[in-house]
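Subject: Structure handover

Hello,

Here is the structure for you to look over. My notes follow below it.

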Amino acid sequence: MKTITLCFLLVSVVTAVSRASASGADLRQAEQQIFQLANQARKDAGVEPLEWNEQAAQAARAHAKLMAEKQALSHQFAGEPALRERVAATDLRFDSVAENVADAESAEEAHHALMNSPPHRQNLLNPKYNSLGIGVAQSGGQLFVVQDFAHSIPTRTADEVEDQVISDFNRLRVSHGLPGVIATKGEDLRKLACEGKQRQVHARDVMNISPGASRVMAFTLTDPSKLPQSLLNASREPARRMGIGACFAPSASTSYAAFWVLVTMYQ
């Protein structure tokens, strides 16, 4: 009798290839088969395909190995970090994740099982995810499978984030019929932005290193092309200069692709 077990949390299921003792190559082949089946299902549903993500796969493989060792399905074992922390440990930049876990005798059986399970199917066909990493491990005749979905964000440096904010801000000012500001990247502001990861940064902290500033703004950015409302408002106000400092600040509260940004304006 074939056995297929499904489990979902924020998440869902998968499965792999049948063999008495699968080699590492067999397991990688199973991962790719599951990946291809997932994207075929998305294509049939009119959803954009997922990109294979090796960082998410690292997290998925480690968890699949643990499930195989414990002969159990779970999204988090005792002493194990939660899903978001496991994926973040690979240095993947993302703002949302989900997971499917399952054990079964073949990749195809697992795929059909999860497609017939509404919560698992929802993860598979969810258009907000753009990346997928899969891990498969074996114990006895069963394959333990983990699918880690993510909405991944391009990796940017603090310098690149500052450049984009400055460029977009000045483009907005020009569209309002105002001259662009002269922008200065400040190491002191960057350092203070980095401190914002550990503690609350107050306006007085910024003013102490930015004498003469007429306005101070502090915010987090995941997508630098989407300026916060405070900057949108400031783009219509009189100003000659801008100071800016950004610091990568991944966390469960700000997402794992967020930057802390400090901006000072001078009239």
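D91 is exposed, because its relative accessible area is 59%. The cut-offs are these: buried means under 20% relative accessible area, exposed means over 50%, and partly exposed is in between (1.4 Å probe, protein chains only). D91 sits in the loop between helix 3 and strand 3 (94-104). Its phi is positive, about 75°, although D91 is not a glycine.

Please keep in mind that this is a predicted model: local features need pLDDT of at least 70, side-chain atom pairs count only at pLDDT 80 or more, and totals for chains, interfaces and linings use all residues. Residues are numbered from 1 along each chain as its sequence is written, and side-chain values use heavy atoms, with hydrogens and water left out.

Q71 also has a positive phi, about 55°, and is not a glycine. Q71 is in the loop between helix 2 and helix 3 (83-88). It counts as partly exposed, because its relative accessibility is 48%.

The whole chain

The protein chain has nine helices and nine strands. These are DSSP runs, numbered from the N terminus: helices are H or I with at least four residues, strands are E with at least two. The radius of gyration of the protein chain is 23 Å, well over the 18 Å from the globule rule for 267 residues, so the chain is more spread out than a compact globule. That radius is taken over C-alpha atoms, and the rule is 2.2 Å times the number of residues to the power 0.38. Along its principal axes, the C-alpha trace spans about 75 × 40 × 30 Å.

Buried residues make up 50% of the 267. The chain exposes about 12600 Å², and carbon and sulfur atoms supply 51% of that. Areas come from the Shrake-Rupley method with a 1.4 Å probe; for residues, only the protein chains shown count as cover.

Take the contacts between residues at least 6 apart in sequence: 72% of them join residues at least 24 apart. Contact means heavy atoms within 4.5 Å.

On charge, there are 27 positive and 28 negative side chains, and the centres of the two sets lie 7 Å apart. Lys and Arg count as positive, Asp and Glu as negative; His and the chain ends are not counted. Each charge is placed at NZ of Lys, CZ of Arg, CG of Asp or CD of Glu.

Helix 7

In helix 7 (residues 187-195), the buried residues are L189, R190, L192 and A193. They lie on the same side of helix 7, because they cover an arc of only 165° around the axis. The arc is that of the directions from the helix axis to the C-beta atoms. E187 and K191 are exposed on the other side of helix 7.

What do the buried residues of helix 7 pack against? Their partners are helix 6 (158-175), helix 8 (203-209), strand 6 (182-185), strand 8 (241-248) and strand 9 (259-266).

H63 is in helix 2 (residues 54-70). H63 counts as buried because its relative accessibility is 0%. Leaving out residues up to four places away in sequence, H63 touches S74, H75, Q76, F77, E80, R86, E99, V101 and V146.

L221 is in strand 7 (residues 215-221). L221 is buried, with a relative accessible area of 4%. Beyond its neighbours within four places in sequence, L221 is in contact with V165, K226, P228, A257, A258, F259 and V261. M265 is 44 residues from L221 along the chain, and their C-alpha atoms are separated by 18 Å.

The loop between strand 8 and strand 9

P250 lies in this loop. P250 counts as partly exposed, at 36% relative accessibility. Setting aside neighbours within four places in sequence, P250 is in contact with S255, Y256 and A258.

A252 is partly exposed, at 49% relative accessibility. Apart from neighbours within four places in sequence, A252 is in contact with R84 and E85. H176 is 76 residues from A252 along the chain, and their C-alpha atoms are separated by 37 Å.

Best wishes
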